[in-house]
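Have the viewer open as you read.

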Amino acid sequence: MSTTTLERPPSASTGRPPRSAGAVGRRVLWHVVMIVVAAAAVAPLVYMVLTSIRPQATAFSGPVIPDSFSGSGYAFAWNQLQIWRNFLNSVLITGATLALTIAAATLAGYAFSRIGFTARNLLFFVVTSALFLPGVATLIPVYLELQTFGLLGSRLGLILVYTAGGVSFSLFLMRTFFDALPNELGEAARLDGATELQIFWRVMLPLSAPGIATVAIFQMISVWNELLFASALVSDPASRPIQPVANSLIGQYGTNWPALTATMTLTALPMVIAYVVFQRWFVAGLTAGAVKA
């Protein structure tokens, strides 16, 4: 007696329809495109690191992967140029700017989002109108203002300038995040007797962590990599952040390429680490509010 075996379709076990050849081809093509884009983005960084550990004589004449490795570029930058001092200046300036900017943006963003007061929208437009003004256009007025108050050439003056320049964009982002939070949370806390400051600190601020992370990363990258104001407002090498020092290594007749790329590698390293640490909150912050509940 013969038996007939009924075979299930390949998709029965997964519950998904089988992929067509066209869908598989598009997926493969998409992965190839993303690999090419990722390689194009990473290649300059890899070349910079490789240049920093090769001898000066083979900076442009040797193979991409050097035959011999040398740490002279890092030694020259760290010991002769003493970039560790400027590195610490950048850490101090960036950290202080972040603290002031986040504090001002979160408090003002909550006020503009949740507290009704006269001419709220007009005042918000005035504060955020600085976004439409190019930073280079404010260089001379800022220079004269710092000179008047005796802050020219100081790290404190640079911190205040960076904070003032970053508040507008950060305020705009934080108000958007607070607007996306449910009003019922604040109303429930208010019914329990919480003050407005308690609602902000205990309810709204923890929920806005993705927004704070987004603001922190944007401002960290902006302040850490800023060159124009750091070069124009601070002339003392001991007080300068690291970016003007790296820029000064580019000579008119000759450049120490291993030292330059070593300095650039050390400069880029904190930003790479910061993004890797905060990328989950950064992505959540960028996508918050994209889907309306």
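## Overall make-up

The protein chain has 12 helices and zero strands, where helices (H or I, at least four residues) and strands (E, at least two) are DSSP runs numbered from the N terminus. Along the sequence, the pattern is α-α-α-α-α-α-α-α-α-α-α-α. This is a predicted model, so local features need pLDDT of at least 70 and side-chain atom pairs count only at pLDDT 80 or more, while totals for chains, interfaces and linings use all residues. Residues are numbered from 1 along each chain as its sequence is written, and side-chain values use heavy atoms, with hydrogens and water left out.

Of the 293 residues in the protein chain, 32% are buried; buried means under 20% relative accessible area, exposed means over 50%, and partly exposed lies in between (1.4 Å probe, protein chains only). Taking contacts between residues at least 6 apart in sequence, 72% join residues at least 24 apart, a contact being heavy atoms within 4.5 Å.

## The largest pocket

The largest pocket holds about 680 Å³ of space. Here a pocket is an open set of points on a 1 Å grid over the protein atoms alone, where a 1.4 Å probe fits, with protein on both sides within 12 Å along at least five of seven lines; lining residues have an atom within 4 Å of a point. Grid points are joined across faces, edges and corners, and the volume is the space filled by probe spheres set on the points.

There are 25 lining residues, and Thr138, Val161, Ala164, Gly165 and Gly166 lie nearest the centre of this pocket. Helix 5 (139–148), helix 6 (155–180) and helix 9 (209–224) each supply at least two residues of the lining, with the largest share, eight residues, coming from helix 6. By class, the lining has 16 nonpolar, seven polar and two charged residues. In this scheme Ala, Val, Leu, Ile, Met, Phe, Trp, Tyr, Cys and Pro count as nonpolar, Asp, Glu, Lys and Arg as charged, and the others, Gly among them, as polar.

## The second largest pocket

The second largest pocket has a volume of about 170 Å³. Its lining consists of Leu45, Met48, Val49, Thr265, Ala268, Leu269 and Val272. Six of the lining residues are nonpolar, one is polar and none is charged.

## Aromatic pairs and a charge over a ring

The structure holds seven aromatic pairs. Rings of Phe, Tyr and Trp (its six-membered ring) pair if their centres lie within 6.5 Å; planes under 30 degrees apart count as stacked, over 60 as edge-to-face and the rest as tilted. Phe112 and Phe117 form a tilted pair, because their ring centres are 5.7 Å apart and their planes are at 55 degrees. Phe112 is buried, at 6% relative accessibility, whereas Phe117 is partly exposed at 34%.

The pair of Phe169 and Phe218 is edge-to-face, because the planes stand at 85 degrees, with ring centres 5.6 Å apart. Phe169 lies in helix 6 and Phe218 in helix 9, so this pair ties together parts that are 49 residues apart in sequence. Phe169 is partly exposed at 29% relative accessibility, and Phe218 is partly exposed at 33%.

Ring pairs also link Tyr110, Phe178 and Phe200 into a cluster. Finally, Arg175 lies over the face of Phe124, at 4.4 Å from the ring centre; a charge sits over a ring if NZ of Lys or CZ of Arg is within 6 Å of the ring centre and within 35 degrees of the ring normal.
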